[in-house]
Amino acid sequence: MSILNIFILAALAALAGLLRKGRGLALLFVSALAVYWLGTRFDNSSYTFWIPTGTLALAAVSWALTAPPEARASRRNLPGFVILMAASLLASLNRYFQIEPFFATTTPRVQVAAAFWLVLLAGLAALAFLLRRGRGQRALLILAVIGGIALLALVKSPALTGRLYGLVNSLRGGGAESVPFAFQWLGFSYVAFRLLHTFFDRLSGRLPAVSLDEYVTYVIFFPAFTAGPIDRIERFLKDLRDPRPVRAADWLEAGRRFFTGLFKKFVLADALALVSIGAFAPFVRTPGWAWLVLYAYAFRLLFDFSGYTDIAIGMGLLAGIRLPENFASPYLKPNLTQFWNSWHMSLTQWFRAYFFNPLVRGFRSARKPPPAWIIIAIAQFGTMTLIGLWHGISWNYVLWGLWHAAGLFVHNRWSEWTRVRAAAWAATPARKVLLNVTGILVTFHYVALGWVFFALTTPAQSWVFFLKLFGLA
Amino acid sequence: MSDSNKNDTPSIHPARVAVKALLLFLAFNLVYAAVRASPGWFIVIRRGGYERFPALWLPDVHNDGSVSIGREMFSNMDVLFASHILTRPKAADEFRVFIFGDSSVWGTALYPEQTVAGQINQLDLRTCSGQRVVAYNLGYPSNSATKDLLFMQRAQQYQPDLNVWLFSMLAFQRIRQDVPFVVDNPLAVQELMTEYGLPHDASKLSVPPDPLWGATIAGQRRDLNLLVRLQASTLLLGALGMDDPRIVHEGGIHFQDTPKASNDFFGIFPPANLSGYLAYETLPVASAITGGKIIYVGEPIEISTGVFSDISYNSFFPRWAYDQFRQVVSGMSAEGGWTYLDLWNIIPEQQFSTSIFHLLPEGEAALAARLSETILLSACP
C-alpha cells in the first residue's frame, strides 16, 4: 500500500467510525472496493478485475458453507450481497472511466460482471437449498478445507502460478510459456487463513452464526487485508456489532498507532531496505559489513511488518474495530519460545490453535503415546515448516522454518534441563539481568541468522553468506 | 479507583491534541525556514567523500526471478555537491580540473579510479610550474548539454583551473534540454538564461517553489526523503566497497552493438539540416561560464561493425547526422577560438562496455592519456 492508499483508507475508516447506523455495511462496501483498488496491478489484463472478484465470491461461498441453515436463509443477508455486487459493478465501470488507481483497463462489460454476480446468487441459493437441513455440510466443509489449502499452495508457488498463467494465457489465445510471479493474489495468504479458521470452527461447532455482510467484512476488512493481523471472527464481531461511536481515547490511540506505523514503515523500514541483504549479498566485502547488512535486514523486517500492523490497528480503531496485536518487542525476548510468542503473533496463534495443539493432543491421546520429546519435536518441526511454507513454497522458506524448529526444540530441551540450575544460579538481581541480557543477545542473533534463509532465494546463496559472516569466504 | 480519583484524571480532547500537533509542526517548519536549512546540511555519512556524484541503487527482482539494478540520481545540487570531494579545500600546489559530461564520464560499471578522471589522476601529471593536476569527476548520467551547463555554473565556486566538457551529439538533442535534472532546477536555469542569455523554454521547467514554502521541511520533503535514502544506501555501498553495484554484473563486459538499419536520426532523414533540432547555443554559454577556461571534447562513441555499418556508426547515430554534428561543432570552435578535441573515433569497438558511450577501463585509460596532453598544454600555454 502506498501512503496515498493508506491516508484515503484511514479517512474512510474514520468516516465509517462516525456512523451510528449502517457502520458494518459501510465497512463492507469500503473493504470490497479496497480489494479492487489494492489488487494486483496487472497492466491490460482482466485479472485485475477477476482476482478481486474471486476474493469476494470465495468469501461469499465460504459463508454459505459455514453458516447454519437459519442464518443462511435469513433476508438479513440481502444487503450484504447487494453491496458486494455494487462494489464489483462499480469497479467494472472503470472500463468506461479508466480511473488510474483501479487500473483495470480491460474490466469486463458491466453486463458480464452483473451476470457473474447473478450466477453466484443462484449458486448460493442452490447451496442454501441443498444444505437446508444441515446434511452434507460437514463433507463440504472438509472439501473446502482441502480446497483452501490446495489453493493457498498454488498461490504461494511461483512455479505453479507461472504454469497456470501460461495455461490461462494460451486458452485466451496468447503464449503458453510459464511466467513465475506473474499471477499474484494480493492478500490471499491472510484471506485463506481467515476462511480456514471459520471452516475449522464450524466443523468443531464453535463458529457463531453470522450474516453474509459480517462474514465477508471479517474476511476482507480493509485495514488488515494485505498484511494482517489475522483476527478471530468471534472477537471481530464483538466490535463490529457494538453500535457505540468511536471514543475520544480510541481516536488518540488510533492516531498514535497510525503515525507510529507510518514512521516505522516509510522512514525506518524503507531506509533500512537500502542497506539490507538481498541482491548484493554475495558481494559484501568483509564479515563486519556482512553483519551490518544482516542487522539492517532484521530491523527492516521488524519495522516493516510491525509498522503495517500499527497502521492496520490505527485504521481499525478509527473504524471502531480493535484488531489484535501482532508484535510485542520480539527482539527483546530472552529465548526463542518467547520470540515466537511475540513475532507475528496472530499467525503463530493460528498455527498453535489449528495445527500444533491438535497434533500434540492426537499423539497424547494415542493408545501408546511416544515420549514427550518426540511429540514436541514432531509438532515443532511440522509447525515451523508450515509457517515457512506459508511465506512461499520454496526451499529457502523451508530452511528458515527448520532453522526455527531446531532452535525451538533445542531451547525446549535446554530449558527443561537447566531450569532448576538456572533459577538457583540467578539468585541475585545482577545475575538475573546478566542471564536475561545473554538470552536476549543469543536469541536475537539466532533469529537474525535465520533471516539469511528468508532473505536469499537459494540455499547456495545463504551458504555463501553464512561463510562471509564468519570470515570463511 | 475512587470517583474523586476518576475526576482528577485530565480528560483528553483529540481536537486539542490535533491543534497542538499542528502548531508544533508549523513551528518546526518556520524555524527550519528561518535558518535557511537545506538537505545538504544533513549529510552525516561521507559528507564531501564521494569521488563522483552519488546515486541511489534499487535492485529489482523481475517476474522471471532475475535481478536488475536501477539507478536513481538526485536533482538537488546542494546534496550532490555537499557529498562530492570537490568541496575539500584546494591545495596550494593543486591544478584543479573539472570534467563534465554524461554517464560515460560518471563511469557506469566502473570504479571511480577507472573513470577518465580517476585515470588522469593515476598519471600523476605535473604542470610546467610544478602544480599537481587533480581531476574531478563531475559527470552526471544524463545526456543533456543544459544539464552540463548547470553543473558547470555551480562548480565554478570551487576554483577550477580548467574545465573539460565531454559530449556526444545526443546531449544537444532539443528534447534533452528538458531532462528531469534541468526541469527540477528552474532557478539555476533561469540564472543561465538571464546571466548568459541561454535561450530556453521556461514553460517546461517546474514552477519554482514559493520562497517561504520551499524553505520549509514540508517544501523540501522530497529532497529530505531522498537524503535519508542516500545516507542509508551509503552503508550498503560501504559494504560492497564500490559506489556502483552494477560493476558486479556488468563490470569488464563488452556488449556487442549493432548499427541501426535506418538512416534517420530520431525520425529526421537526410539531407536535413539538424541545426534546428540541436541546441548548439549551449556551446558558447559554456565558454562564458568558465571564462574560457574550457576544453570541449567530442567524446568517444563506439564505431560498430556489422551489416548496416555503411549507414550508421552504431545503434544510435546514422553516419550523415553525426558527421554533420562534428562539422558544425568544429566550425563553431574555430570561430569562437575554443580548444576542441574531436575524439569521437579514437577508441576501438572492443573497448566499449554496456553502451556505445561507456568505456571499459582500458578505453578510459586511452582517453585519459589523450586528454592529458591537452590539459598540460592548456596549463602551460
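**Backbone geometry, domains, a disulfide and a nonpolar patch**

In chain A, residue A:S329 is located in the loop that runs between helix 14 and helix 15. The structure described here is a predicted model. Although A:S329 is not a glycine, its phi is positive, at about 45 degrees. The relative accessible area of this residue is 44%, so A:S329 is classed as partly exposed. A second case occurs in chain B, where B:R36, likewise not a glycine, has a positive phi of about 55 degrees. B:R36 is placed in the loop between helix 2 and strand 1 (55-61) of chain B. With a relative accessible area of 55%, B:R36 is exposed, because the cut-off for that class is over 50%. As background to these values, most residues other than glycine have a negative phi, and most peptide bonds are trans.

Cis peptide bonds were also found in the model. In chain A, such a bond joins A:G228 and A:P229, with omega at about 5 degrees. A:P229 belongs to the loop between helix 11 (212-220) and helix 12 (233-240) of chain A. In chain B, a cis peptide bond links B:P270 and B:P271, and its omega is about 10 degrees. The loop between helix 11 (247-250) and helix 12 (282-289) of chain B holds B:P271.

The domain arrangement of chain A was then examined. This chain is divided into domain 1, which covers residues 22-240, and domain 2, which covers residues 330-469. The centres of the two domains of chain A, taken over C-alpha atoms, are separated by 34 Å. Contact between them involves 16 residues of domain 1 and eleven residues of domain 2.

Residue A:N335 of chain A was considered in detail. A:N335 is situated in the loop between helix 14 (287-318) and helix 15 (336-340) of chain A. Its relative accessibility is 15%, so A:N335 counts as buried, the limit for this class being under 20%. When neighbours within four places in sequence are left aside, A:N335 is in contact with A:H411 and A:T443. Along the chain, A:N335 and A:L408 are 73 residues apart, while a distance of 8.7 Å separates their C-alpha atoms.

Over all chains, the structure holds one disulfide. The bond joins B:C128 to B:C380, with an S to S distance of 2.1 Å. These two cysteines link distant parts of the chain, being 252 residues apart. B:C128 lies in the loop between helix 5 (116-122) and strand 4 (132-139) of chain B, and B:C380 lies in the segment after helix 14 (361-379) of chain B. The torsion about the S-S bond of B:C128 and B:C380 is about -110 degrees, and the disulfide is therefore left-handed. The relative accessibility of B:C128 is 61%, so this cysteine counts as exposed.

Chain B also carries a nonpolar surface patch of about 690 Å². The patch is made by B:V19, B:L22, B:L23, B:F25, B:L26, B:L30 and B:L212. Helix 2 (residues 14-34) of chain B supplies the largest share of the nonpolar patch, namely six residues. B:L26 is placed in helix 2 of chain B. The relative accessibility of B:L26 is 43%, so B:L26 counts as partly exposed.

Conventions. Residues numbered from 1 in each chain as written. Chains lettered and ligands numbered in written order. Predicted model: local features only at pLDDT ≥ 70, side-chain atom pairs only at ≥ 80, totals over all residues. Heavy atoms only, no water. Patch = residues over 30% accessible without salt bridge, like charges linked within 9 Å, V, L, I, M, F, W, Y side chains within 5 Å. Areas by Shrake-Rupley, 256 points an atom, 1.4 Å probe, with all protein chains shown as cover. Salt bridge = Lys/Arg side-chain N within 4 Å of Asp/Glu carboxyl O. Helix = DSSP H or I, 4+ residues; strand = E, 2+ residues; numbered from the N terminus. Buried < 20%, exposed > 50% of the residue type's maximum accessible area, 1.4 Å probe, protein only. Disulfide = S-S within 2.5 Å. Domains from an automatic or database assignment. Contact = heavy atoms within 4.5 Å.
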